[in-house]
Amino acid sequence: MVHSKLGYQAFVAILLGIVAGLFFGPLCNALRPIGDLFVFTLQIIVIPYIPSLLMHGLGSLSPELAKKLFKKGWFVLLLLWVSVLIVSYVMKILIPTPLSNPSRDFSLEAFAALPGDVPTEASKSIANLIFFNSVPVVAIFSLVFGFAIMHLKEKDPLLSLLERINNSLERIIKWITVIAPIGIFAHVAYVMGTVNFDDLAKLQLYVVIIIVTTLFLSIWVLPMIVSCLTSIPYKDLWKEYKIVGFLPFATGIPTIALPYINNAMRRLADRKNLDLGTFKSTSQTIVPIGFGFAQIGNFLPLIFLFFLSFYYRHSLSGYEVIALPLLVTFFSFGIPQFTFIALPFLLSTLSLPESGFNLYAEISAITLNFQVLLSTVSMLSFTYLVALRYYGLLEIEWRRLMLHLSLMAVALFGFVSIGKHFFHSQDNYHDLYYNLKMSKVIDSPPQVTVYKERVPPPPTPLAADYQLVRILERGVIRVGYEPHAIPFCYLNNDGELVGYDIAFAYQLAKDLGVKLDLVPVSYDQISEDLNSSYCDIVMSAIVIDEQRILTMQFTGAYLEDSNALILSNKNMEKYRTLEQIKRDPNFKLGVTGAYRRVAETHFPHIKMIEGNIDDLALNKFDGYMWAELQSYIWCLANPNFTTSTYHGELGKKYFAYPMSETTQQFVRFLNEWLFLKQEQGFTHKQRQYWFLGKEYDPEAKRWSILRNVLHWVE
């Protein structure tokens, strides 16, 4: 009755926490200390409980009994592993096939980073840092110590002490669980009040798969298999699973289940009329083994890796798909939080973006609890089956087992077949760059006028050498742009002129306190436009080269990039080397601006056609010469194309902002201004947004009923 009452209270606490999080939103940050205090209190009790349980369980065995338990347990462990892998691979069918990646050798994250940038990881509380780092060490030490006790001759006094410690810690855990509903409410309210809905929307397919997989295995598959193998009615088993699994599920801490599993094993001994003293010693040995090796919830990151493959357009090879379960199995030992340690290694091994770790850490606020639920259910299932197999008490109901396995297969494949038609997900790059907006990165923008056609130059009352003074006097800075230079200067889905360089143009006008006129220019006429005062500066991915520095002044280079070729996917195999392109007399290469001179250097005998990148999509030429960053991002939006630098054989280019040839004062000012923007973090913010699509707004207010529906707070 106590367990039932606590379960209902915890369930109500979860529901109230969800409601509070949705209603109050980020205001639930105030509840975080209460939730953290509750979780931390449980953790500091669990840390000594783990070694005490492991040492007592292993120490109680004789070496011969340990070997016998291993022989009885490996098959059960294999059964659990195979079950979760089969379901995971079937659920993988719901994840769409990744679109082609423009270049597996190029990393947007590495390109967006500034010198000295430190990779970020998901933040962790001090409590979690202590817990995650200490538990593996404690567990390993306890296993070694337990094996040592196993071989002692006079070990009864030590075992008696450890048993008393276990009983005392179990009593303390029961005391703490009395206030569990309060701690659960605070923890759930904080999570639901601060979780990022935008990221949740992007990962909704993954979240659905995790929840369905967990519930399918936890509620039906594992309890029913145990029932069919032990002849224990499913209804009776389900009561035990609820008692054991609910509190760990609510808190996300699987170790809380250990005393409840021990109690469940005592009730199993009563059911099977076994000697409690002998059975208790055996079960207390099996429980820590299950804790260390049978937490199959730790296999669920396998699904996350499959999803990341789609999300980041990084197809896994056949070898990687086969080898991945072996890698995940190796890192599946211990508590589910160990996956935070294993995931960076797995991402690196599969060459997936490091930002996948941050996604996993953020979405784990929801998925980790389900992972813990599956781990808890699998631990209890393992303990049941190994104990009864050890005593020869398995009673397999073959017909019932086959019937339910068939029903499970039909239900699983039916869900996947139906879900394939109803669950639709888009990867990270679908319309990513064409949905970016200036308002996300520029606060209080200046007055901006964007001209689509060329306009007459403004009057020039002062000498050109005083261009900065002239800009300040007329109250307007004229910036030239070319709108086919994604992600530096381009038109988004709303027809707004946006991009990395346009953001700097906005900020420059804002810092000068003047209006901003954006006027169109042609790459081949930049020098004339600048020196005739048609515009003051051009900010549109302009390349420095030997001819341009003769007639223009440039700021210091703000970006270095490799030259690259864009080809259709079907032509990439045909032109794997530059020599194959050079030998094809019919190859037509699209070029513009300074890239014509690059192309003439490497391909002096092939036909070149002047045009912008949009002409490539219209098949006006076979390939296009451009910078690697621009090529990669354009190909993400046009997945029928791919890009290559041909191992750097095409050389590099440097981007800078050009001005007229007599504006030394303005150049000095801009160089100092660019330095300040980098030191103030503006440059980093723009790189993250325009190169990666990451919005950084620490003051952004998440949706809540209180603010967005009732409008009671700002």
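Visitor: Where is Arg313 found?
Guide: Arg313 is found in the loop between α13 and α14, where helices (H or I, at least four residues) and strands (E, at least two) are DSSP runs, numbered from the N terminus. The model is a predicted one, in which local features need pLDDT of at least 70 and side-chain atom pairs count only at pLDDT 80 or more, while totals for chains, interfaces and linings use all residues. Residues are numbered from 1 along each chain as its sequence is written, and side-chain values use heavy atoms, with hydrogens and water left out.

Visitor: Is Arg313 buried or exposed?
Guide: Arg313 is buried, with a relative accessible area of 3%; buried means under 20% relative accessible area, exposed over 50%, and partly exposed in between, with a 1.4 Å probe and protein chains only.

Visitor: And which residues does Arg313 touch?
Guide: Leaving aside residues up to four places away in sequence, Arg313 touches Pro98, Leu99, Ser100, Asn101, Leu308, Asp427, Tyr429, His430, Cys635, Leu636 and Pro639, where contact means heavy atoms within 4.5 Å.

Visitor: What do the side chains of Arg313 and Asp427 meet in?
Guide: They meet in a salt bridge of 2.7 Å, N to O, a salt bridge being a side-chain nitrogen of Lys or Arg within 4 Å of a carboxyl oxygen of Asp or Glu. This pair links distant parts of the chain, 114 residues apart, since Asp427 lies in the loop between α17 (398-422) and β1 (448-450), and Arg313 in the loop between α13 (301-311) and α14 (318-330). Both Arg313 and Asp427 are buried.

Visitor: How many salt bridges does the count come to?
Guide: The count comes to 17 salt bridges. Among them is one between the side chains of Lys677 and Asp511, at 3.0 Å, N to O. That pair also links distant parts of the chain, with Lys677 in helix α26 (residues 664-679) and Asp511 in helix α19 (residues 500-512), 166 residues apart.

Visitor: What are the relative accessible areas there, starting with Lys677?
Guide: Lys677 has a relative accessible area of 6% and is therefore buried, whereas Asp511 has 39% and is therefore partly exposed.

Visitor: Which residue does Asp615 form a salt bridge with?
Guide: Asp615 forms a salt bridge with Lys620, and their closest N and O atoms are 3.5 Å apart. Asp615 counts as buried because its relative accessibility is 14%, while Lys620, at 45%, counts as partly exposed. There is also a network of salt bridges, which links Arg470, Arg474 and Asp536.

Visitor: New topic, helices. How many residues of helix α27 are buried?
Guide: In helix α27 (residues 682-692), 9 of the 11 residues are buried, so this helix is largely enclosed by the rest of the structure. The buried residues include Phe682, Tyr689, Trp690 and Phe691. Just after α27 comes Gly693, which takes a positive phi of about 80 degrees.

Visitor: At what angle do the axes of α9 and α17 cross?
Guide: The axes of helix α9 (residues 204-230) and α17 cross at roughly 170 degrees and come within 9 Å. Axes here are lines fitted to C-alpha atoms, for helices over the stretch in contact, and angles run from 0 to 180 degrees between N-to-C directions. α9 and α17 are therefore roughly antiparallel to each other, as angles under 35 degrees count as roughly parallel, over 145 as roughly antiparallel, 65 to 115 as roughly perpendicular and the rest as oblique.

Visitor: Which residues make that contact between α9 and α17?
Guide: They include Phe216 and Trp220 of α9, and Leu405 and Phe415 of α17. By class, the contact of α9 with α17 divides into 15 nonpolar, 2 polar and 1 charged, where Ala, Val, Leu, Ile, Met, Phe, Trp, Tyr, Cys and Pro count as nonpolar, Asp, Glu, Lys and Arg as charged, and the others, Gly among them, as polar.

Visitor: What about strands, what order does the open sheet of 4 strands have?
Guide: The order is β1-β6-β2-β7, with parallel pairing, and two strands pair if DSSP finds at least two bridges between them. β1 and β7 (537-538) stand at the edges with a single partner strand each, so one side of each is left without a neighbour in the sheet. Strand β2 (residues 476-481) and strand β6 (residues 515-520) pair over 6 bridges in the parallel sense, and Arg478 stands opposite Asp517 in β6.
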